[in-house]
Amino acid sequence: RSISFKSSRETALREEARALAVAEAREKASGLAVAFGGRLGPVYSINSLNSMQAHGDGNTTLDRIEVTGSRIDSGRYLQPTIDFKERVSAVFEISR
């Protein structure tokens, strides 16, 4: 009835996804600051929103699990793809 896929590298993959989200947030903020005639100052606040969402039964699920393959060959198991996503929201001070 219910299948849950996990990765033995989940912690490392989440840390990598978070680092990429932070770098992207900083890059976007810097570009916006320059576009408005300023430069990026120090961080004022940070909020990290990961992809895990709790359900009423206490289980957690990932944003997306994609299983590909054909049901014709029932003797073969295809490894699912698990996406780890991290979202970061940051407020920076803007310097002139």
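Four salt bridges are present in the structure, a salt bridge being a side-chain nitrogen of Lys or Arg within 4 Å of a carboxyl oxygen of Asp or Glu. The model is predicted: local features need pLDDT of at least 70, side-chain atom pairs count only at pLDDT 80 or more, and totals for chains, interfaces and linings use all residues. Residues are numbered from 1 along each chain as its sequence is written, and side-chain values use heavy atoms, with hydrogens and water left out.

One of the salt bridges pairs Glu 10 with Arg 14 at 3.3 Å, N to O. Both residues belong to helix H1, where they are four residues apart, about one turn of the helix; helices (H or I, at least four residues) and strands (E, at least two) are DSSP runs, numbered from the N terminus. Glu 10 is partly exposed, with a relative accessibility of 24%, whereas Arg 14 is buried at 8%. Here buried denotes under 20% relative accessible area, exposed over 50%, and partly exposed the range in between (1.4 Å probe, protein chains only).

Arg 14 also forms a salt bridge with Glu 86, with 3.3 Å between the closest N and O atoms. Because Arg 14 lies in helix H1 and Glu 86 in strand E6 (residues 86-95), this pair ties together parts that are 72 residues apart in sequence. Glu 86 is buried, at 9% relative accessibility. A salt bridge also joins the side chains of Glu 86 and Arg 18 (3.8 Å, N to O). Arg 18 lies in helix H1, so its pairing with Glu 86 in strand E6 links parts 68 residues apart in sequence. Arg 18 counts as partly exposed, its relative accessibility being 33%. Through shared partners, the salt bridges connect Glu 10, Arg 14, Arg 18 and Glu 86 in one network.

The chain has an average pLDDT of 76, and 67% of its residues score at least 70. Over residues 51-65 pLDDT stays under 50. For residues 51-65 the model has 27 contacts beyond four places in sequence, a contact meaning heavy atoms within 4.5 Å. Where pLDDT is low, the predicted coordinates should not be read in detail.

Definitions and conventions
pLDDT is the predictor's confidence in each residue, from 0 to 100.
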